[in-house]
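Hello,

Here is the structure for your files. Please open it first, then read my notes below.

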Amino acid sequence: MKLEILGTRGEIDESALKHRKHSGILVDDALLLDIGEKEYLSRNPSQIVITHLHPDHAFFIIDSAEITVPVYGPESYQGNQVIVQTISDELDLNPFLLHTFPTHHSKKVQSVALVVTRNSSKICYTGDMIWINKEYHSLLKDSDLIITDGSYIRKGGMVRKDKDTGRLYGHNGIPDLIHLFSGLTDLIIFVHFGSWFFKDIPASIQKLGELGKENGVEVLAGYDGMILDTKEL
Ligand SMILES: [Zn+2]
Ligand SMILES: [Zn+2]
């Protein structure tokens, strides 16, 4: 599978040349995972799957544009010019097979991680997250790569608890996510960068690499326009 990471900036004011756009990953020029920018429609995806209904992953929450291809997500949504259909655990998006499973992230919206397989290639994109329940970890095993949430460099990230429901919400820390995923893949790519990343970008990229080495896994910083081919990994 060929992946093009279209956007690597979180929901923040900071921006940089290679980290300017919100979430989006284009798979084999056809399947779009998250649509954080309206301009991604110009890539003519044949199908769109979103991890959750936050505007930096689903621009149409706060802006409008007609979307005529199927859009799938963890919960249904009907806007003026877009309808999001609920995904079940497994969806045949010929030639791709999509598996989804729940993540902990928001107190208001449902969120899922996406596992896309095509022939013998398998990739995972978690979207924003705190945690994935243990029962789902086996689904991630032997992924060619896992793309995940770079919001916070500090251990523990920023996790809060909703007083009424007890539900946890926010983003975990990068060290925690590396720890979680290092046994499940050989390559972790961070996207959705928070403010920490923009203070000194070369140092931030280096820091990610070092954290990977400490955990016996390759860790890279994604950037807008990054292209990866699972055959070449
Ligand atoms: Zn986000
Ligand atoms: Zn979010």
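The zinc ion (ligand 2) has four protein donors: His52 (NE2), His54 (ND1), His105 (NE2) and Asp128 (OD), at 2.2 to 2.3 Å. Donors are N, O and S atoms within 2.8 Å of the metal (3.2 Å for Na, K and Ca); water is not among the atoms, so sites may look incomplete. Asp128 also bridges to the zinc ion (ligand 1), and the two ions lie 3.5 Å apart.

This is a predicted model: local features need pLDDT of at least 70, side-chain atom pairs count only at pLDDT 80 or more, and totals for chains, interfaces and linings use all residues. Residues are numbered from 1 along each chain as its sequence is written, chains are lettered from A and ligands numbered from 1 in the order in which they are written, and side-chain values use heavy atoms, without hydrogens and water.

Now the charged pairs. A salt bridge is a side-chain nitrogen of Lys or Arg within 4 Å of a carboxyl oxygen of Asp or Glu. The whole structure has eight. One of them joins Arg43 and Glu4, 2.9 Å from N to O. Another joins Lys38 and Asp63 at 3.4 Å. Asp176 pairs with Lys155 at 3.5 Å.

How exposed are these residues? Buried means under 20% relative accessible area, exposed over 50%, partly exposed in between (1.4 Å probe, protein chains only). Glu4 is buried at 12%, while Arg43 is partly exposed at 32%. Asp176 is buried at 14%. Lys155 is exposed at 67%.

Best wishes
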